[in-house]
Amino acid sequence: MRDRVAIAVRGAIIGSTLGSPMRGAKVFKSLPFYDPIPHRMATSETLEWWYVASEWLTWDRKTPLNDYRRKHWNYSTTETAFGIRNWDLGWRGPYCGAFANPLSDGVRSLGRGLFWGLIACGPDSIRLAFDDLSFDHAGEGLRCGLAVTILSAAMLQGSSVTESLGLIQPLLGHRAKKLLDELLEMNIGGMDPQDIYQILRVRTQTENAHDAVLNFGIVICGLLLGKGFDPSIRFVAGLGGEAGENTLIVASLLALDSSVSVLSDWFKPLGSDFVAGFGLMGLDIPRSLEDFISAILRPVAEPAPFTVAPDLEPEPLVGLNLAELVDTARALLEAETVHSVDDKITWQVLANWDGKRHDVEGALCYRGPMALEPTLKSSWNIATREPKSKLAEGETFKQGIIARPSTESGQAAMELRLADQTHTIPLPEPMSLYMCGPLPNVGEEAFLKEYPAEKSLTLGETFMGRSGLGAQWQMMSFPAFWVDLEELFIASPGVICLATRVALPPGESHTLVFSGSPGGVVKLNGQEVIRYNDTHTPSYLAESPYSATFQANAINEIVVRVIRNNQPLAPIAFYILDASGKVLNPTSQLWEKS
């Protein structure tokens, strides 16, 4: 077992280095070998997480996994930035990855899911994978990551690619399941690679290189190619997407049935040094690739001793009940909107925004045995009935709660006191923006003209709205970082202007992200910083053309012109990062009436 896992780790290092230069490729590129030829391995957040997780499994399992993550792994990039923000606000899995996270369907779940299926392969692998991935993923991102966990566990035990893919179908969301069904009907090995490149983007309806389903499809194509290690990893790298992640996965899985000699030509150019990025903290970083591989192997169970003809018998495999792993994963996925208070209490959350009012509806769920006499305190207005009863072993009770922000200042949280324990339970705060509209968009001219409302950010002034109606600036509440305006457009073309004034540390570098389809125009402190017209599913990453980096003033005025043409408007991601990539919660300044 350890030998098979060791060669899979070597494959992962090769795949990450081969694929990294090809991230986001706009066309398929045929690679004869590394391009360019490396002098060392490429840095990989995923492989560094493997190291952190292996250290946790080996030395410190008494510490909760995600507490250990926050102590030793600080990559505030892509979707992880939102998981870190939510964890630091007090949210716990699985709701930590689902709440206010525009990047919850990102690709980073796939390579981390692979770890739990290979290195931590065992009855607990799905629960551990779920705890890890739900830190910063939800929906398709979480489901695809768990699917890779089971896929890798099955292939580690000797299941064929098609057998393994059959196992994971019940876990997938609609987009990924539909894509997998279509790929299984294709002759991937007999198709032109550029056609496959186009098919994947058409079927997933995205050009977003970070999308979990697109990259999951690329991984599946690599496994179905059926041409061996070398051609398959070069093929996957050439398909773009998050190529470093995808090639890491495919190279690792195909290496299971390869040998060190097959991988040697790929491993030699990487030298001997392990290369880490900036996010590892408080751990002794491996100096060499061999040190890294040894560290990853530490938690892998030793094979049972042979009793008969050891030179002839195959190495015994884990013998997992894969169907039980699938059932466990399906049960865990039913609790995506749950915040874990402790092992007997959960907080099920449903936040309702209607623009002007922000209600949080939910239920505290208790599981016995316990004496149930809870009390709740909060700076928010809380409506609930506090039960008084005793719960027997296995008995459950749900305490319904409605919470609404009050005019008092204070933390967005409830304090739950039960017996001799006190728990702080977070509440989802809204994002407040000023809105004016809908305004007319005649002949789809909105990209070309500035509207009077953009020039006059004052309350009480009336502007010409759509259909001759008046429109004024008014404060609206939205889910943090998400703005869904489709209902306000009433299924017709138009323009809605959004505005806010936020306080930031002056002189420091920040990044503003505004991402939606078909697009719009953003002005920051009077200067246009973002403009795009994008009809496909957008990327919510801080990348061109959806973002702008700027030096902050003490107060920063942001005005957004959101445009709707004849197609429905997708939700818009709207957030600010500091120079380290940390997601900020800037304070909005209230306007005064003119």
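Is Asp211 buried or exposed? Asp211 is buried, with a relative accessible area of 5%. Buried here means under 20% relative accessible area, exposed means over 50%, and partly exposed lies in between (1.4 Å probe, protein chains only).

This is a predicted model, in which local features need pLDDT of at least 70, side-chain atom pairs count only at pLDDT 80 or more, and totals for chains, interfaces and linings use all residues. Residues are numbered from 1 along each chain as its sequence is written, and side-chain values use heavy atoms, with hydrogens and water left out.

Start with the charged pairs. Side chains of opposite charge can pair when their charged atoms come close. A salt bridge is counted when a side-chain nitrogen of Lys or Arg lies within 4 Å of a carboxyl oxygen of Asp or Glu. That rule gives 24 salt bridges.

Asp211 takes part in one of them. Its partner is Arg175, at 3.0 Å from N to O. Helices (H or I, at least four residues) and strands (E, at least two) are DSSP runs, numbered from the N terminus. Arg175 has a relative accessible area of 29%, so it counts as partly exposed.

Next, look at Glu557 and Arg501. Their closest N and O atoms are 3.0 Å apart, and they form a salt bridge. This pair connects strand 21 (residues 555-564), which holds Glu557, with strand 16 (residues 494-503), which holds Arg501. Glu557 is partly exposed at 27%. Arg501 is partly exposed at 22%.

Now turn to Arg23. It forms a salt bridge with Glu543, with closest N and O atoms 4.0 Å apart. These residues are 520 apart in the chain. Arg23 lies in the loop between helix 1 (2-19) and helix 2 (45-59); Glu543 lies in the loop between strand 19 (527-533) and strand 20 (547-551). Arg23 is partly exposed at 36% relative accessibility, and Glu543 is partly exposed at 26%. Both belong to a network of salt bridges that also links Arg108, Glu242 and Glu245.

Finish at strand 19. Strand 18 (residues 519-524) runs antiparallel to strand 19, and six bridges join them. Two strands pair if DSSP finds at least two bridges between them. Val521 has Arg531 in strand 19 as its bridge partner. The hairpin has two residues between the strands, and Asn525 there takes a positive phi near 50 degrees.
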